[in-house]
Amino acid sequence: MGELTGKVALVTGGSRGIGAAVARRLAAEGAAVALTYRREADRARAVAGEIEAAGGRAVLIQADLAEPSAAERVVEQTVRELGRIDVLVNNAGFLTHGPLAEVPAEEVDRVLAVDVRSVFLTAQAAARRMAAGGRIISIGSCFNGRVPGAGFVLQAMAKSALVGLTRGLARELGPRGITATVVDPGPIDTDMNPADGESADDQRGLTALGRYGEAEDIAAAVAYLAGPGGRYVTGTGLAVDGGYTA
């Protein structure tokens with residue numbers, strides 16, 4: 001039996017990359033997992049299929065979290081189909097970059113809607129239904145500690161908002177025995193930021209280890225925070241960045 005046996009987790013943006021790795025890892029630890037996806041139904045079904053083939057339970061929820069009503073709906077569906085919610089992993093988001101002068105207002109609105117507003121609303125909806133021992137874990141960014149150059153103003157702003165959110169949630173929900181944390185990845189080899197991409201060598205050079213991490217490295221951190229080992233960790237962040245912010 002895994003450390004999360006009997007628990008239910010909701011992972012937003014769980015069809016690929018970090019979200020998929022997190023969903024698989026939490027399922028391997030025994031949790032029943034609901035995962036959201038926006039467009040890539042085939043990839044979401046593949047992740048669910050892996051979980052079920054290994055003996056776990058997975059529920060797929062199609063949702064565009066830029067829509068304000070989506071947060072309440074996905075949490076309600078998770079509880080309806082799996083009976084409860086113990087762990088929320090706010091992973092859905094955009095990786096965006098570009099010169100400040102060229103960022104259109106529409107992109108600002110979209111990034112803030114998904115990376116900030118949906119995180120707040122999903123945490124709000126989940127907190128209403130969580131019992132003592134609940135965990136709210138958000139996936140932030142190494143930009144919370146260091147912005148290495150130009151072109152990342154929007155990304156840094158959006159992900160930095162999760163630091164304040166996490167601290168506020170910790171104070172608000174601590175009396176109920178619910179923790180809130182943020183995991184800040186460094187360069188992670190995913191299709192959004194591949195280790196053979198155009199800027200990969202520069203990113204490797206900014207880490208202390210001189211290499212990219214893997215999505216499973218983030219999943220391991222999330223599993224720790226979601227499990228018994230994370231019960232006294234709240235209101236803070238965990239950098240999983242290969243020394244990017246050292």
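Where in helix α4 is there a kink of about 40°? Centred on A113. That bend is the angle between two fitted axes, one through the seven residues ending at a residue and one through the seven starting there.

## Before you look around

What you have here is a predicted model, where local features need pLDDT of at least 70 and side-chain atom pairs count only at pLDDT 80 or more, while totals for chains, interfaces and linings use all residues. Residues are numbered from 1 along each chain as its sequence is written, and side-chain values use heavy atoms, leaving out hydrogens and water.

As for the element names, helices (H or I, at least four residues) and strands (E, at least two) are DSSP runs, numbered from the N terminus.

The expected span is 1.5 Å times one less than the number of residues.

Quite a few α4 residues are buried, including V111, A113, V114, D115 and S118. Buried means under 20% relative accessible area, exposed means over 50%, and partly exposed is in between (1.4 Å probe, protein chains only). What do the buried residues of α4 pack against? They pack against β1 (8-11), α3 (70-82), β4 (87-90), β5 and α5 (153-173). Contact here means heavy atoms within 4.5 Å.

## Helix α7

Now have a look at α7, residues 215-226. This helix has 12 residues and reaches 17 Å from its first C-alpha to its last, close to the 16 Å expected at 1.5 Å a residue. Its buried residues include A215, I218, A219, L225 and A226. They pack against α1, β4, β5, β6 and β7 (236-240).

Strand β5 (residues 135-139) contains R135. This arginine is buried yet has no salt bridge: the nearest side chain of opposite charge, E3, is 8.5 Å away. (Lys and Arg count as positive, Asp and Glu as negative; His and the chain ends are not counted.) What does the side chain of R135 reach at 3.1 Å? That would be the backbone oxygen of A226. A polar contact is a pair of N or O atoms within 3.5 Å; within protein, one must be able to donate a hydrogen and the other to accept it, and residues adjacent in sequence count only if both atoms are side-chain atoms. Leaving out residues up to four places away in sequence, R135 also touches D86, V87 and I178, among others.

Over in strand β6 (residues 179-185) you'll find T181. With 3% relative accessibility, T181 counts as buried. Again leaving out residues up to four places away in sequence, the residues T181 touches include I136, I137, S138 and L225.

## Salt bridges

How many salt bridges does the structure hold? There are 14. Each one is a side-chain nitrogen of Lys or Arg within 4 Å of a carboxyl oxygen of Asp or Glu. Side chains of opposite charge can pair when their charged atoms come close.

Take R24 and E216, whose closest N and O atoms are 3.9 Å apart. This pair links distant parts of the chain, with R24 in helix α1 (residues 17-28) and E216 in helix α7, 192 residues apart. R24 is partly exposed at 29%, and E216 is partly exposed at 41%.

R43 pairs with D191, the closest N and O atoms being 3.0 Å apart. R43 lies in helix α2 (residues 41-53) and D191 in the loop between β6 and α6, so this bridge ties together parts that are 148 residues apart in sequence.

Then there's R129 with E72, at 2.5 Å between the closest N and O atoms. R129 is in helix α4 and E72 in helix α3, 57 residues apart, so to speak two distant parts of the chain linked by the pair. Salt bridges that share partners also join R16, E40, R43 and D191 into one network.

A polar atom of the R204 side chain lies 2.9 Å from the backbone oxygen of A195. Setting aside neighbours within four places in sequence, R204 is in contact with A195, G210, R211 and Y212.

Notes
Lys and Arg count as positive and Asp and Glu as negative; His and the chain ends are not counted.
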